[in-house]
Amino acid sequence: MEVSLEVVNQLVASSLPGTQGIVFEKVEPGESICTATVTTALHNAGGILHGGVPYTMADTGMAMALIATLDGAFNFSTIEIKMSYFRPVVDGTLVCHTRMLKKGKRIAFFESMITEGEVEVAHATGSYCLL
C-alpha cells in the first residue's frame, strides 16, 4: 500500500491528532512535516498551549515517517519518546519536522523539531519497535 498525503490526512483527521488540528504537508520514507494552528481550545488552564499538542505532533510525525518506509503497514509500536519544551506558545502555527535517524531490523529512531515561526519551541526523540 502506497502512503499518499491524502490517505495520511484522512487517517489523521479521524483520530486524536485530527481533534488537535494536525495536518500533514509532507510524508516520505523517513521524513514528515505536519502543522497545527494554535487556538484557545488547545490551551491548558494557564492559557498557554497544552504540551500534549506538540507531543502528539511528534509522535504522529514519527509514525507517519515510519509507515512510509513500511509500504503503509502499521506493524510497529512506540517504545519511548523524550520531549523537551523550550518556550511557551500562545498562538501561531506550529510546524513539526520529523526525520528518521536510524532504522534497524527491530528498532527505528527519530527526532522531531517543533517550531513556531523561526523559533524552535520543542524537540523530541523517539524509538519504535518493528513488529
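Trainee: Which backbone oxygen does the side chain of Ser32 reach?

Mentor: That of Gly61, at 2.9 Å. The model is predicted: local features need pLDDT of at least 70, side-chain atom pairs count only at pLDDT 80 or more, and totals for chains, interfaces and linings use all residues. Residues are numbered from 1 along each chain as its sequence is written, and side-chain values use heavy atoms, with hydrogens and water left out.

Trainee: What makes a pair of atoms a polar contact?

Mentor: Two N or O atoms must lie within 3.5 Å. Within protein, one must be able to donate a hydrogen and the other to accept it; residues adjacent in sequence count only if both atoms are side-chain atoms. Ser32 and Gly61 stand at 2.9 Å, so they are inside the limit.

Trainee: Why is Ser32 called buried?

Mentor: Buried means under 20% relative accessible area, exposed over 50%, and partly exposed in between (1.4 Å probe, protein chains only). Ser32 has 0%, so it counts as buried. Its place is strand β2, residues 31–38.

Trainee: How do you know where a strand or helix runs?

Mentor: Both are DSSP runs, numbered from the N terminus: helices are H or I with at least four residues, strands are E with at least two.

Trainee: What makes a set of grid points a pocket?

Mentor: The grid has 1 Å spacing and covers the protein atoms alone. A pocket is an open set with protein on both sides within 12 Å along at least five of seven lines. In a cavity, by contrast, a 1.4 Å probe fits but cannot get out. The largest pocket here holds about 150 Å³ of space. That volume is the space filled by probe spheres set on the points, which are joined across faces, edges and corners.

Trainee: Which elements each supply at least two residues of its lining?

Mentor: α1 (5–13), α3 (52–67) and β3 (76–85). The largest share, 4 residues, comes from α3. Lining residues have an atom within 4 Å of a point. Among them are Val12, Thr60, Met64, Phe74, Phe76, Thr78 and Tyr128.

Trainee: How many lining residues are nonpolar, polar and charged?

Mentor: 8 nonpolar, 3 polar and 1 charged. Ala, Val, Leu, Ile, Met, Phe, Trp, Tyr, Cys and Pro count as nonpolar; Asp, Glu, Lys and Arg as charged; the others, Gly among them, as polar.

Trainee: What span does α3 reach, and what is expected?

Mentor: α3 has 16 residues and reaches 22 Å from first C-alpha to last, close to the expected 22 Å. The expected span is 1.5 Å times one less than the number of residues. α3 is also mostly covered, with 13 of its 16 residues buried.

Trainee: Why do Met64 and Thr60 count as buried?

Mentor: Met64 has 7% relative accessibility, so it is buried. Thr60 has 11%, so it is buried. Thr60 is 48 residues from Val12 in sequence and 8.4 Å away in space, C-alpha to C-alpha.

Trainee: Are Thr78 and Phe74 buried, partly exposed or exposed?

Mentor: Thr78, in strand β3, has 35%, so it is partly exposed. Phe74, in the loop between α3 and β3, has 51%, so it is exposed. Phe74 and Leu130, 56 residues apart along the chain, have C-alpha atoms separated by 9.2 Å.

Trainee: How many aromatic pairs does a search of the whole structure find?

Mentor: 2. Rings of Phe, Tyr and Trp (its six-membered ring) pair if their centres lie within 6.5 Å. Planes under 30 degrees apart count as stacked, over 60 as edge-to-face, and the rest as tilted. Phe76 and Tyr128 have centres 5.9 Å apart and planes at 70 degrees, so they are edge-to-face. Phe76 is in β3 and Tyr128 in β6 (residues 119–130), 52 residues apart. Both Phe76 and Tyr128 are buried.

Trainee: Why is the pair of Phe110 and Tyr128 called edge-to-face?

Mentor: The centres of Phe110 and Tyr128 are 5.6 Å apart and the planes stand at 85 degrees, so the pair is edge-to-face. Phe110 lies in β5 (residues 107–116) and Tyr128 in β6, so the pair ties together parts 18 residues apart in sequence. Phe110 is buried as well. Ring pairs link Phe76, Phe110 and Tyr128 into a cluster.
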